[in-house]
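Have the sequence and the model open side by side for this one.

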Amino acid sequence: MIQQSIQSATQLHEAGKLDEAEAVCREILAKEPGHADSLHLLGVILAQRRQFAPAIDLIRRAIAVRPAVAQYYSNLGLALAQSGQPLAAAACLRQVVAFQPGNAAAFNQLGVLLHGVGQIDDGIAALTEAARLRPEVARFHFDVGTAYLQTGRTHRAIPHYREATRLEPKNAHYLYNLGAALAECEKYPEALEAFDKTIELSPGDVRVHSNKGAVLHHLGRRPEALTSLRRAVELDPKFPNNYNNLGAIMEDEGKWPEALDAYRKAIALNPDSALFHWNCARALMALGQWEEGWEEFEWRLRAPRLGLNRNFTQPQWDGSDSAGKTILAHAEGGYGDALQFVRFVPLVAQRGAKMILECQPGLAPLFEGMVGVAQVVPRGQPLPAFDWQIPLQSLPRIFGITPRNIPNQVPYLSAPADRTQRWADRLAGGTKLRVGLVWSGAKNSQWDYRTRTIDAFSPLAGTPGVKFFSLQKGEASQQAPPTGMDWADFTSELNDFADTAALIHNLDLVVTVDTSTGHLAGAMGKAVWVLVPFKSDIRWLLDRPDTPWYPTMRLFRQPTETDWQTPIRQIAAALRGFTR
């Protein structure tokens, strides 16, 4: 009789007749309070009504009677998850997969739960097992990809997204995520293909048009990018990414006021986006609005994709009284950033702080002789005890730095005396003007605007009375100098920045693309000419032939995006008139 009644209750439940099913369950339990299936089914019904506390209690009572029924644990886990108890829910799902090691859906649910509570590797392992058990289920592959994407391992997400879209080629959501992952990994042509397919399936999705615009921008197809972004704005004028992507295009066109306006609109729509604030900061800095710019620049530490937040337990120094305290100043960004901003460390030391400086290993020998630095620690080595910490690029905000009050007394860096003397002895006796040359920046990506070839500098070859010294490191250093260029290359002997500084000390002039060597020469007070691209780094401001950062530096700017000949010819002409 009871068996017939529970079957009836189950059928009513499956038909969506919850009231009738509940009544039957309660009748059974009135006669047999420990009937496990009735306890379980009543718990499921109450959970569907979001009465989670009694639902959880009922299912647990069912498990106490019959502790080896996987379905009980599965529904208990669902109720616990819905009531905001993910750890307890995960424990239930672990029981399910223990009972049913072939249950792919349970592994998938377990993986989602574990990932959500920060047990990342275990979560991905469970999600992967679900996809292995049921490789024909697209969603399982998609969930693995999303887990990787959310933990910053985007390159590992891509093959899982590809499989999901192969299994369900008409799923716009899967295609969009594939495109986003490909774009983040700078696989722009493939990302564009994925976004185009997404638009065919979901032409009204503003996210796709906005991201397609960003991809087209990266591909150099700016008019098409603007068309996509304008379409995105038509679809949803309150979608913040539209304006952020528009700002990036305005940057490339040198339209910094328009870029700033676009970034401000993005922030107005999403005031918590660290990336939008960081972009806004860059625009403000380029336009010389540094008071607001430095404040906005602090948002860089909150942007995960920039990877700048070191998560120290010690607080960041806020400019308060530091007498008798130990402060760790740590470099961020590239070598040029460290060379530029290390100038502020002595200012902190003047306030009575003991300064520990952490930097890239290649800079450590150079910084060890700096005034106000008590100890230099190469990055990766153990740090001594300290009270506060601060990134170097946060110091200008503390000191209220503007283009009018930069502490630009040079030199603030110098090479070790013994290394300088060695080069002085080796180069003694020459009468020609000694000019150091750097023609290529670090190839961080195929779009690195600093990357040139030495042949571009052929107009400098044959300049009377000039001998050129290579300061180029990396792969580009293997390039042969142009015909007619009086040339010396000692770069195989330059093992760190102190070695490079020692050689620069014995030169008369440094000519360089916008890279760290320019900052080094400027910090040493050496005459230095920097080739600046049309889309220049924000630190160089706009339209100036000089910079308040380095009084001995001269800027030669690219007038258009494709014209490198003009500034190089200008350098050649200036070199003919240069005297020590």
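Rings of Phe, Tyr and Trp (its six-membered ring) are taken as a pair if their centres lie within 6.5 Å; planes under 30 degrees apart are called stacked, over 60 edge-to-face, and the rest tilted. Going by that rule, there are 19 aromatic pairs. One of them is F142 with Y161, a tilted pair with 5.2 Å from centre to centre and 40 degrees between the planes. That pair links distant parts of the chain, 19 residues apart: F142 belongs to helix α9 (residues 138–150) and Y161 to helix α10 (residues 154–167). Helices here are DSSP runs of H or I with at least four residues, strands are runs of E with at least two, and both are numbered from the N terminus.

Before going further, keep in mind that this is a predicted model: local features need pLDDT of at least 70 and side-chain atom pairs count only at pLDDT 80 or more, while totals for chains, interfaces and linings use all residues. Residues are numbered from 1 along each chain as its sequence is written, and side-chain values use heavy atoms, with hydrogens and water left out.

**More on the rings**

Are F142 and Y161 buried or exposed? Buried means under 20% relative accessible area, exposed means over 50%, and partly exposed is in between (1.4 Å probe, protein chains only). F142 counts as buried because its relative accessibility is 7%, and Y161 is buried too, with a relative accessible area of 0%. Elsewhere, W290, W294, F297, F341, F344, F399 and W549 make up one aromatic cluster.

A charge is said to sit over a ring if NZ of Lys or CZ of Arg is within 6 Å of the ring centre and within 35 degrees of the ring normal.

| Charged residue | Ring | Distance from ring centre |
|---|---|---|
| R282 | W278 | 5.1 Å |
| R302 | W299 | 4.0 Å |

**The six-stranded sheet**

Strands of a sheet pair through backbone hydrogen bonds, either parallel or antiparallel. In this report, two strands pair if DSSP finds at least two bridges between them. Six strands make an open sheet with parallel pairing, in the order β7-β6-β5-β8-β9-β10. At the edges you'll find β7 (487–489) and β10, each of which pairs on one side only. From one strand to the next, the twist averages 25 degrees; for such angles, axes are lines fitted to C-alpha atoms (for helices, over the stretch in contact), and angles run from 0 to 180 degrees between N-to-C directions.

Start with β5 (residues 433–438). Six of its six residues are buried, so this strand is largely enclosed by the rest of the structure. β5 runs parallel to β6 (residues 466–470), joined by five bridges, and parallel to β8 (residues 509–513) over four bridges. G436 is a handy landmark: look across to F469 in β6 and to its bridge partner V510 in β8.

Next along, four bridges join β8 to β9, again in parallel, and V511 stands opposite W529 in β9. What about burial in β9? Five of the five residues are buried, so β9 is largely enclosed by the rest of the structure. V528, V530 and V532 cover one side, W529 and L531 the other. β9 then pairs in the parallel sense with β10 over five bridges, where R554 is the bridge partner of W529.

**The four-stranded sheet**

Another open sheet has four strands, paired in parallel in the order β3-β2-β1-β4. β3 (375–378) and β4 (388–391) are the edge strands, each pairing on one side only. Here the twist averages 25 degrees from one strand to the next. Five bridges join β1 (residues 326–330) to β2 (residues 354–359) in the parallel sense, and I327 has M355 in β2 as its bridge partner.

**T547**

Where is T547? Look in the loop between β9 (528–532) and β10 (553–557). T547 counts as buried because its relative accessibility is 5%. The T547 side chain reaches the backbone nitrogen of W549 at 3.1 Å. Leaving aside residues up to four places away in sequence, T547 touches R539, W540, M553 and L555, where contact means heavy atoms within 4.5 Å. W549 also belongs to the aromatic cluster described above.

Conventions: Polar contact = N/O pair within 3.5 Å; in protein donor to acceptor, adjacent residues only side chain to side chain.
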